[in-house]
Amino acid sequence: MQCCAYVCERRMEAVMFRELRRKNQQLSETEARSILKNGTHGVLSVQEDDGYPYGVPMNYVYGDDAIYFHCAKEGHKMEGFRRSDKVSFCVVGEDEVIPEAFSTAYTSVIAFGRAVIVADEKEKREALKLLAERFSPEFGEEGEAAIRSSWNDVCIVRLNIEHAVGKAGRERIKREEARYASFL
């Protein structure tokens, strides 16, 4: 995962991702990975028929610089993937409203990449197991049974991350600076 703007060669075209405008709010790569690893849901955005983005909340797991989620084999998301494999996925790590500051103390990550429908059965099974372990760790046997019973109906999508950037809100940065100053 790259947490800064970079150029990648893909299909003989250069793709440039925008740099974060407020660089002082950019999280380290370690912090961004932590948000992706520990998050439970994010908003997946795909392209709609009429050019509008379609954003949908999704449970997911993160591993090996990829995001995995499951869905039905047909529907709005799948149509979006067929239209364009370029997607974005946004995860909010922290979100605390600070009423007196008219602001929030937040962290978030937005990942850009390409959605791939997982065809390999081993990878599909592993992703389903990771999802079951992540969201229902105390139900191992039931999770295996659910995987078997839904096998033919479920689709696993892997988002291959090409670029990701984490950001912290100014109120969170102020808190971190105050906490650091108290140690000096």
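I'll start with R114, which is buried, at a relative accessible area of 2%. Keep in mind that this is a predicted model. The side chain of R114 meets that of D85 in a salt bridge, 3.1 Å from N to O. R114 sits in strand 8, residues 103–117, and D85 in the loop between helix 2 and strand 7, so this pair ties together parts 29 residues apart in sequence.

Searching the whole structure gives 7 salt bridges. Another of them joins R83 and D49, at 2.0 Å from N to O. Here R83 belongs to helix 2, residues 76–83, while D49 is in the loop between strand 3 and strand 4, so parts 34 residues apart in sequence are tied together. R83 is partly exposed at 32% relative accessibility, and D49 is exposed at 61%.

Next, helix 1. E29 forms a salt bridge with R33, with the closest N and O atoms 2.8 Å apart. Why about one helical turn between them? Because E29 and R33 are 4 residues apart in helix 1, residues 29–38. E29 counts as partly exposed at 33% relative accessibility, and R33 does too, at 28%. A network of salt bridges links E29, R33 and D65.

Last, the helix pair. Helix 3, residues 121–135, packs against helix 4, residues 140–150, at about 140 degrees, with the axes 10 Å apart. That angle makes helix 3 oblique to helix 4. The crossing is right-handed. Helix 3 contributes R125, L128, K129 and A132 to the contact, and helix 4 contributes G143, E144 and I147. By type, the contact residues are 3 nonpolar, 1 polar and 3 charged.

How values were computed:
Residues are numbered from 1 along each chain as its sequence is written. This is a predicted model: local features need pLDDT of at least 70, side-chain atom pairs count only at pLDDT 80 or more; totals for chains, interfaces and linings use all residues. Side-chain values use heavy atoms; hydrogens and water are left out. Axes are lines fitted to C-alpha atoms, for helices over the stretch in contact, and angles run from 0 to 180 degrees between N-to-C directions. Helices (H or I, at least four residues) and strands (E, at least two) are DSSP runs, numbered from the N terminus. Angles under 35 degrees count as roughly parallel, over 145 as roughly antiparallel, 65 to 115 as roughly perpendicular and the rest as oblique. A crossing is left-handed if the near helix is turned anticlockwise from the far one by less than a right angle, and right-handed if clockwise. Contact means heavy atoms within 4.5 Å. Ala, Val, Leu, Ile, Met, Phe, Trp, Tyr, Cys and Pro count as nonpolar, Asp, Glu, Lys and Arg as charged, and the others, Gly among them, as polar. A salt bridge is a side-chain nitrogen of Lys or Arg within 4 Å of a carboxyl oxygen of Asp or Glu. Buried means under 20% relative accessible area, exposed over 50%, partly exposed in between (1.4 Å probe, protein chains only).
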